[in-house]
Amino acid sequence: MANWLRISSRTVANHIKKRMNKGFMGGAVHVNQSSGLWWGLNRGGPVSDRNGRHIDPLAWNRATFLCVQRFKSTLAEKQHDSFLSSDSDDDNQSVDFPGGKVSYTSEMSFISESSQTRVPCYRVLDDDGDLISDCDFQQVSKEVAVRMYSNMVTLQIMDNIFYEAQRQGRISFYLTSAGEEAISIASAAALSEQDIILPQYREPGVLLWRGFTLQEFADQCFGNKADYGKGRQMPIHYGSKKHNFFTISSPIATQLPQAAGIAYSLKMDNKKACVVSYIGDGGTSEGDFHSGLNFAAVMEAPVIFFCRNNGWAISTNVSEQFRSDGIVVKGRAYGIRSIRVDGNDALAVYSAVSAAREMAINEQRPILIEALTYRVGHHSTSDDSTKYRQLDEIVYWKKARNPVNRFRNWVQNIGWWSEQQETQLRNSVRKQLLEAIQVAEKTEKPPLSELFTDVYDHPPSNLEEQEKHLRETVTRHPKDYTSDISV
């Protein structure tokens, strides 16, 4: 390859003497005699060297011309100037390969499958909610801290009540964030309203932080006329354009390549914002995880990939899912800066996301965060986790490692919270939720016509036929359909 790229100064001189004033395919080529590589290509003039002397380029072969087209960029020019000027001794010690120089070695050595020690986990608060001495963290104001804790309690109560509503048959499905409240609330607190969220399905706390009301949560779960999805999605598949929160979809990890693309568009528009995409440990086994991270790294997109490693992908334990040291080490393989954080420590999550956001925006790069946490609840109302994990394990994480209790201890110990405030908050949230459920239940369902809208500008004939057939079926069998359906 090196021989193909080189053109000797002697060859150039011979051609200068032979022919002059001849154009070359509509452009002029500049000859760098110091390195022997000709690289500039400008339209509209004869071939000449850098001193203005004319050259007949027709004697040069087609391969050489293609070489000029390939290395028009300044970066490529610098790389190949450096490559051609390197001495032979250095060439024997390393190779200038795309991405940087690679040193040679005579020792055959395989990279170990894992390091001797696991990547440490960043934390700020100990299990009792006390600050760890000499810890490095982002300070939070009393207003932000109290709001964070209040939202964590609200999310906890909302999960309990909606879960019971499903068990009563009032909604068809539900999925809780029990044990992971600190992740969604603390990460949301560290972001800007302009940052775009692509969730998985255990991040309602982000919406709650951004102002999504309890009534809006209830309307979506009951799929009534006030639901922004018009009753066409499963419960807990929230979405809000107003809050820059993409609608949740059931397929796992599909949001990651999308997040990389959206982040790249923010970069092109010079926006001072980033994208945050959430995923569980199970999602890292999907191909979209790897393509999303690689795309973001190559395009240097300002996106934060936030992985909630809660130990279980439904009934699959992480030990049965990968042999690597969790998720954090996967970032380095793609050239992505990464950190492992205690997902049950609200202050640690807040600090890590704050730093990650600053790096993503200011340095225009992706960041990977792995939060170690535990899914205290069942995967969903369709799951019984006691069938595949020990009850003692669940109780331990629920009692000893509870993120809500830990953060409460901290805000209470520094005098920002009291027992009276605790009682008032819990009673108020519970009352608001019960009222929201009553309103949501009484609100009529969307009309049947909404099942066939928002896809085609003009519905095709087969879709019109399906709608007609559905209406006829409801009319013939009214007892098989609820009375609140508007035909």
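Colleague: Happy to begin with a strand pair: which residue in β11 stands opposite N309?

Modeller: Strands here are DSSP runs of E with at least two residues, helices are runs of H or I with at least four residues, and both are numbered from the N terminus. Two strands pair if DSSP finds at least two bridges between them, and β7 (residues 303-309) is joined to β11 (residues 367-372) by six bridges, running parallel. In β11, the residue opposite N309 is L372.

Colleague: Before we go on, what kind of model is this, and how are residues numbered?

Modeller: Residues are numbered from 1 along each chain as its sequence is written, and side-chain values use heavy atoms, leaving out hydrogens and water. Local features need pLDDT of at least 70, side-chain atom pairs count only at pLDDT 80 or more, and totals for chains, interfaces and linings use all residues, as this is a predicted model.

Colleague: In what order do the strands of the open sheet lie?

Modeller: Five strands form this sheet, with parallel pairing. At its edges are β5 (196-198) and β10 (337-342), each of which pairs on one side only. The order is β5-β6-β7-β11-β10.

Colleague: At about what angle to β7 does helix α7 run?

Modeller: Axes are lines fitted to C-alpha atoms, for helices over the stretch in contact (heavy atoms within 4.5 Å). Angles run from 0 to 180 degrees between N-to-C directions. Helix α7 (residues 181-189) lies across β6 (275-280), β7 and β11, and its angle to β7 is about 160°.

Colleague: Is H237 buried or exposed?

Modeller: H237 is found in the loop between α9 (214-222) and α10 (255-268). Leaving aside neighbours within four places in sequence, H237 is in contact with Q220, T247, I248, S249 and S250. Buried means under 20% relative accessible area and exposed over 50%, with partly exposed in between (1.4 Å probe, protein chains only). Because its relative accessibility is 5%, H237 counts as buried.

Colleague: Which residue in the turn between β3 and β4 has a positive phi?

Modeller: Four bridges join β3 (residues 94-97) to β4 (residues 100-103), and the two strands run antiparallel. F97 stands opposite G100, while D96 has K101 as its bridge partner. The strands form a hairpin with two residues between them, and the turn residue with a phi of about 105° is G99.

Colleague: Last one: how many helices and how many strands does the protein have?

Modeller: The protein has 487 residues, of which 45% count as buried. Among contacts between residues at least 6 apart in sequence, 69% join residues at least 24 apart. The secondary structure comes to 17 helices and eleven strands.
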